[in-house]
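Colleague: I am new to reading protein models, and I would like to walk through one with you. Could you show it to me?

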Amino acid sequence: MDGRSEFLCGVVEGFYGRPWSMEQRKVLFQWMQRWELNTYLYGPKDDLKHRLLWREVYSPEEEGQLHTLIVESEKRGLRFVYSLSPGQDIVFSSSCDLSLLKRKLRQVSKLGCQAFAILFDDIDHSLCQADSQAFSSFAHAQVSVANEIYRFLGEPPVFLFCPTEYCGSLCSPSVSKSPYLMTVGEDLLPNISIIWTGSKVISRELSVEGLSEVQSVLQRPPLVWDNLHANDYDSRRLFLGPFKGRYPQLATQLRGLLLNPNCEFEANYIPLHTLGTWYRTGRKEKKGRQSRQADQRSSGQKLGTLESENCLPTTREGRPKPPREPPQGDSPPPSSPEGEEGVRRGEKEGRSEGGDGEEREKKLHNNQFQQGPGQPRSPGGVLCVEKAPLSESQIRLLVGLHYLPHEHGPSAQRLLQDLTWLKEHCHLVSANDKKGPPQKAEEWRGRAAGFLGVCEEIAALHSSVVSGVSKAVLYDLYPYVWDLRNTALVAKAFICWLGCGTTTGAELLGVESEPWVFKGGVSGELQMLLPIGSNSELFSHPPPLFPTSRLYNIRPYHNKDKAELYCMVRQLQQGAQGSPDSSPAHPDLIGDRCLGPCLALCPEYSMVLEDELGVCGCVLGVVDVRSFAKRCQTCWMPAMRDKYPPRTGHANSQEVLQQMEEDQGEYPDSLLYHFPSQLRLDALPDLVDISVTRCLLTALLTALKANGSHGVFCEMQPTDRMRLDFLTKLGFLEIIRGEARHREGVVLGRLL
């Protein structure tokens with residue numbers, strides 16, 4: 001391979017995070033060979049000897065692994081580029097540091113590597129005192145080292161240099177006027193290729209104008225380090241969408257293009273598959289242009305030969321005779337009426353396609369590459385993820401929800417649009433709005449049904465990923481699918497709650513935020529559309545160590561749930577006391593004390609958690625504790641006295657009844673001023689995924705916030721360490737213990 005003339009296209013392993021394993025890299029090389037990519041750049045930021053400990057040579061064991069990798073890449077017909085990032089602490093004027101740099105690269109060269117890169121990205125611009133005396137600028141220092149290393153290595157055909165100003169947004173004051181880039185372009189040896197990421201670190205598109213500008217400053221075509229699918233800057237985002245926004249015709253403006261993909265190796269199949277399609281398309285178009293140019297040159301040469309030999313027919317005056325009219329059946333010349341009609345029709349079609357050739361090419365490219373998710377099919381009509389197939393619709397849902405950094409797929413767009421619309425129009429189903437037309441309410445409910453359906457599909461996708469894919473795929477995809485499943489659970493519960501018509505519309509607009517301020521992809525945007533969305537501690541948690549495929553659902557309480565909930569709290573108390581139920585004659589007694597007042601007087605703030613086996617948790621809320629306490633005294637307690645009269649003779653029931661009376665004691669104003677609302681959370685101890693309990697609590701907080709609450713508290717026993725720890729992680733803080741109604745009780749509160 002002639003590296004100086006070959007277009008370099010492939011993969012750069014250059015992200016921050018855990019590097020890929022040797023086995024994953026071998027699989028990568030197989031993919032690259034299959035899709036006709038040709039270059040792999042080794043540069044993981046968290047490889048200590050690539051960046052932080054760049055001065056240290058590799059151990060014999062590390063040498064063996066690196067040699068194996070180089071040999072494996074060569075077997076697959078790939079160019080292995082070894083990169084080093086010494087910029088964080090190198091002293092450019094130090095002969096010792098330069099010797100150590102040479103020693104490190106000499107070691108790698110002896111392992112068979114013939115292509116190298118020196119990277120000065122993501123470092124401080126300042127020079128130490130010694131370098132300030134030796135070099136006139138930061139750029140001169142970098143160029144001096146790069147040129148010397150390039151000559152030391154024997155001027156290899158592929159040698160890459162990553163500048164500190166590696167994209168338009170980092171250039172000061174601009175690309176065309178940057179003194180740094182000008183120095184690099186003028187003084188860096190001409191056969192050293194310069195890395196560029198585009199107008200931004202993560203460029204939505206690469207334009208001919210932008211690349212021409214940087215090419216002019218650098219005095220050579222740049223090599224694009226493409227961060228389109230990089231996700232190391234946001235732990236909640238994954239990019240499964242196709243390679244797009246870079247038109248194959250751009251290859252003529254570039255030295256090459258290397259994609260820096262997702263940290264999660266298994267997430268990169270579609271991005272790399274479509275990168276290969278992009279590269280092959282560009283090569284075909286280039287060959288087509290070269291073939292047409294060769295034909296034109298050949299025709300011109302023949303014509304010149306004929307003219308020089310006076311072989312063309314001439315008139316008596318010596319001028320060439322005009323060509324004969326085409327025989328019957330030939331295409332008419334453009335000067336004929338039919339020919340002119342065809343030309344006009346072609347021009348009209350061209351205008352309708354986008355105005356000019358470049359626009360048509362852009363449309364063609366987008367149409368071609370946005371279909372990436374549907375390309376790799378199995379013969380059975382489903383897309384396979386190694387171990388077991390996910391259906392094609394599930395693959396499309398998965399990719400659409402984790403598409404690209406600047407755009408969402410169709411499923412994600414629909415999800416966000418529906419949630420926004422349902423929030424803005426929730427008054428159509430509000431119990432306070434009885435004058436609205438019924439058809440509008442039906443429209444709301446129909447759109448809500450569609451939104452809930454997508455949320456259920458996300459839950460089913462989570463279950464399928466856990467139970468159906470290989471361990472490697474599960475390891476890479478699970479944190480993202482789990483995170484979105486949890487956010488969808490809360491959003492679904494919120495829409496179900498809105499559908500009950502109990503909202504006052506106090507805080508439904510959520511939090512306004514510029515798109516570049518808030519992270520999290522689709523999950524983050526769903527979160528920000530919820531009234532409680534700015535409380536990130538409710539949403540950002542590590543996934544469980546042991547994934548479960550069990551399906552969970554969170555929904556508003558229904559009257560039919562009462563028996564199951566009463567049974568659950570009876571079971572929980574029995575487990576806490578370590579003894580059988582002491583009140584068999586009154587099976588409702590515990591439920592009436594713990595859950596009864598909320599279920600009877602404010603069921604609209606009661607949420608239920610259920611799995612395939614039934615109800616497994618609940619959270620009950622009171623939006624205004626003061627008014628609730630008054631209603632309990634006037635409505636609930638008289639009913640309880642009638643239900644459990646003294647003449648029954650059960651001492652236990654009278655004791656519980658007395659405890660109910662004590663429960664209605666007033667909380668101090670100092671507490672209720674900041675925390676006017678109250679909650680109670682219960683869940684069965686055998687929950688495999690504790691995160692669904694967090695979702696359950698978040699769903700209630702969303703409803704309380706939507707109806708104007710600005711704080712909530714929860715009372716519990718100090719011995720309940722598990723519950724205390726759980727709530728503390730969700731932002732609840734312990735309030736002065738003396739403000740609890742019972743001397744031994746603890747009150748935790750958090751602002752909304």
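Colleague: How many helices and strands does the protein have?
Modeller: Let us begin with the whole chain, a predicted model of 752 residues, of which 51% count as buried. Among contacts between residues at least 6 apart in sequence, 77% join residues at least 24 apart. The secondary structure comes to 23 helices and 17 strands.

Colleague: Is the sheet of S1 to S8 open or closed?
Modeller: Follow the strands in the order S1-S2-S3-S4-S5-S6-S7-S8, where the pairing is parallel. Neighbouring strands in this sheet are turned by 25° against each other on average, direction ignored. These 8 strands make a barrel, and the barrel is closed.

Colleague: Which residue is the bridge partner of Val11 in S2?
Modeller: Strand S1 covers residues 8-13 and strand S2 covers residues 39-42. The two run parallel and are joined by 4 bridges. In S2, Val11 has as its bridge partner Tyr40.

Colleague: At what angle does helix H2 run to S3?
Modeller: H2 spans residues 60-75 and lies across two strands, S2 and S3. Its angle to S3 is about 145°.

Colleague: How are H5 and H6 oriented to each other, and what is the handedness of their crossing?
Modeller: The axes of H5 (residues 138-152) and H6 (residues 179-187) come within 9 Å and cross at roughly 25°. Angles under 35 degrees count as roughly parallel, and therefore H5 and H6 are roughly parallel to each other. As for the handedness, the crossing of H5 and H6 is right-handed.

Colleague: How many nonpolar residues are in the contact of H5 with H6?
Modeller: From H5, the contact includes Phe138, Ala139 and Val143, and from H6 it includes Tyr180 and Val184. By class, the contact also has 4 polar residues and 1 charged residue. The nonpolar count is 5.

Colleague: Which strands stand at the edges of the open sheet?
Modeller: The order of this sheet of 7 strands is S11-S12-S13-S14-S15-S17-S16, with mixed pairing. An edge strand here has a single partner strand, so one side of it is left without a neighbour in the sheet. The two edge strands are S11 and S16.

Colleague: Which residue of S17 is the bridge partner of Glu734?
Modeller: S16 is joined to S17 (residues 746-751) by 2 bridges, and the two strands run antiparallel. For Glu734, the partner in S17 is Leu748.

Colleague: Is the crossing of H12 and H14 left-handed or right-handed?
Modeller: The axes of H12 (residues 410-424) and H14 come within 11 Å and cross at roughly 30°, and the helices are therefore roughly parallel to each other. Leu419, Leu422 and Lys423 of H12 make the contact with Phe494, Ile495 and Leu498 of H14. These residues divide into 5 nonpolar, no polar and 1 charged. The crossing itself is left-handed.

Colleague: Where is Pro173, the residue joined to Ser172 by a cis peptide bond?
Modeller: The omega of that cis bond is about 0°. Pro173 has its place in the loop between S5 and H6.

Colleague: Is Glu36 buried, partly exposed or exposed?
Modeller: Glu36 sits in the loop between H1 and S2. Its phi is near 65°, a positive value in a residue other than glycine. Buried means under 20% relative accessible area and exposed means over 50%. Because the relative accessible area of Glu36 is 38%, Glu36 is partly exposed.

Terms used. Residues are numbered from 1 along each chain as its sequence is written. This is a predicted model: local features need pLDDT of at least 70, side-chain atom pairs count only at pLDDT 80 or more; totals for chains, interfaces and linings use all residues. Side-chain values use heavy atoms; hydrogens and water are left out. Two strands pair if DSSP finds at least two bridges between them. Axes are lines fitted to C-alpha atoms, for helices over the stretch in contact, and angles run from 0 to 180 degrees between N-to-C directions. Contact means heavy atoms within 4.5 Å. Angles under 35 degrees count as roughly parallel, over 145 as roughly antiparallel, 65 to 115 as roughly perpendicular and the rest as oblique. A crossing is left-handed if the near helix is turned anticlockwise from the far one by less than a right angle, and right-handed if clockwise. Ala, Val, Leu, Ile, Met, Phe, Trp, Tyr, Cys and Pro count as nonpolar, Asp, Glu, Lys and Arg as charged, and the others, Gly among them, as polar. Buried means under 20% relative accessible area, exposed over 50%, partly exposed in between (1.4 Å probe, protein chains only).
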